[in-house]
Amino acid sequence: MRHDSVESGVISSNHMKIFIDSANLVEIEEALSRGFVQGVTTNPSLLSKEPKTSFETHVGKILDLINRYQPGIHLSVEVFSRDPEEILKQAEHFKKHFNYPNLSIKVQIGWNELVTIKKLSDNGISVNCTACMSITQAIMAARAGAKYVSLFWGRIRDGGAESESVPLRERKAFDYKDFDPAFVTKSVRALLDVGSIPSEIIVGSIRSVMDVRDAALAGAHIVTVPPKFFQDMVSHFKTDQVVNQFLTDFSGWLAS
Ligand code: E4P
């Protein structure tokens, strides 16, 4: 795999995929119809913003859109339990019910959840281990067999200003670097690469277009982006200026 190093990050030539972070059918269709996303990630909070229906019905509608516009791309759906046995039951139900080859089951990181992540991975079910906030969480999830580890960029940064971080720093579980999402992402990518661990990093919890840029440059294989940022990602005032100039000049030439 060819690697191009950009600044201090390392970006593989076939990575930096953009996923859409939404469960909203209109937003998903707008993105899929433009072809620039290569996956859809959802979570229970995103689902809760949608009109009430059954989980299976709504995810089925997302799959209908995927199959209409970009068949075969990634879809992550999250379990909604902390009980390992219930997580296992939900994951196996989702896999059977949706019958979608590129389905990943989002399971949160945790001591008990690692048992389920290993069981699911051993059974060939793709796990997207989510809610990862630290280097050690991501590496443990990857070593347990998770195909994806989801780092929460915005929440990692938020954590540095929260009171719960103080005792962690005092007992030297973390230091300030562990609340820098770029440091965490670069470190996880470096450890995955040096260990030849095939897991991919999905960076979520994006709070700005700059976060998208920084996450990509930090080595994220995938950045999952809330659709509210897509317009700013594709727009630039200098683009508008030059296109208007071209059209004005050409109109003048046509009229001459
Ligand atoms: C990834 O899919 C995550 O669930 C999502 O990006 C979390 O975003 P939030 O931290 O804004 O809730």
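This is a predicted model: local features need pLDDT of at least 70, side-chain atom pairs count only at pLDDT 80 or more; totals for chains, interfaces and linings use all residues.

Colleague: How many aromatic pairs does a search of the whole structure find?

Modeller: Rings of Phe, Tyr and Trp (its six-membered ring) pair if their centres lie within 6.5 Å; planes under 30 degrees apart are stacked, over 60 edge-to-face and the rest tilted. Over the whole structure, the number of aromatic pairs found is eight.

Colleague: Of what kind is the pair of Phe80 and Phe94?

Modeller: A ring pair is described by the distance of the centres and the angle of the planes. Here the centres of Phe80 and Phe94 are 6.1 Å apart and the planes stand at 45°, so the pair is tilted.

Colleague: How many residues apart in sequence are the parts that Phe80 and Phe94 tie together?

Modeller: Helices (H or I, at least four residues) and strands (E, at least two) are DSSP runs, numbered from the N terminus. Phe80 lies in the loop between strand 5 (74-78) and helix 4 (84-98), and Phe94 belongs to helix 4, so the pair joins parts whose separation in sequence is 14 residues.

Colleague: What are the relative accessible areas of Phe80 and Phe94?

Modeller: Phe80 is partly exposed, at 47%. Phe94, by contrast, is buried, with a relative accessibility of 1%.

Colleague: At what angle do the planes of Phe174 and Phe179 stand?

Modeller: Phe174 and Phe179 form an edge-to-face pair with 5.9 Å from centre to centre. Phe174 is partly exposed, with a relative accessible area of 23%. The angle between the two planes is 75°.

Colleague: Which residue lies over the face of Phe183?

Modeller: A charge sits over a ring if NZ of Lys or CZ of Arg is within 6 Å of the ring centre and within 35 degrees of the ring normal. At 5.6 Å from the ring centre of Phe183, the residue in question is Lys177.

Colleague: How are helix 6 and helix 9 oriented to each other?

Modeller: Axes are lines fitted to C-alpha atoms, for helices over the stretch in contact, and angles run from 0 to 180 degrees between N-to-C directions. Helix 6 (residues 135-143) and helix 9 (residues 181-194) pack with axes 9 Å apart, at an angle of about 30°. Angles under 35 degrees count as roughly parallel, over 145 as roughly antiparallel, 65 to 115 as roughly perpendicular and the rest as oblique. Helix 6 and helix 9 are therefore roughly parallel.

Colleague: Which residues of helix 9 make the contact with helix 6?

Modeller: Contact means heavy atoms within 4.5 Å. Helix 6 contributes Ile135, Ala138, Ile139 and Ala142, and helix 9 contributes Phe183, Val184, Ser187, Val188, Leu191 and Leu192.

Colleague: How are helix 3 and helix 4 oriented?

Modeller: The axes of helix 3 (residues 55-69) and helix 4 come within 11 Å and cross at roughly 50°. Helix 3 and helix 4 are therefore oblique.

Colleague: Which residues of helix 4 take part in that contact with helix 3?

Modeller: On the side of helix 3 stand Phe55, Glu56, Val59, Gly60 and Leu63. Ring pairs also link Phe55, Phe80, Phe94 and Phe98 into a cluster. From helix 4, the contact residues are His93, Phe94, His97 and Phe98.

Colleague: How far is Ile105 from Val77 in space?

Modeller: Ile105 is found in strand 6 (residues 103-108) and is buried, at 0% relative accessibility. Beyond its neighbours within four places in sequence, Ile105 has contacts that include Val77, Ala91 and Phe94. Ile105 and Val77 are 28 residues apart in sequence, and their C-alpha to C-alpha distance is 5.3 Å.

Colleague: What is the phi value of Lys172?

Modeller: Lys172 is found in the loop between helix 8 (165-170) and helix 9, and is exposed, with a relative accessible area of 73%. Its phi is positive in a residue other than glycine, with a value near 55°.

Notes
Residues are numbered from 1 along each chain as its sequence is written. Side-chain values use heavy atoms; hydrogens and water are left out. Buried means under 20% relative accessible area, exposed over 50%, partly exposed in between (1.4 Å probe, protein chains only).
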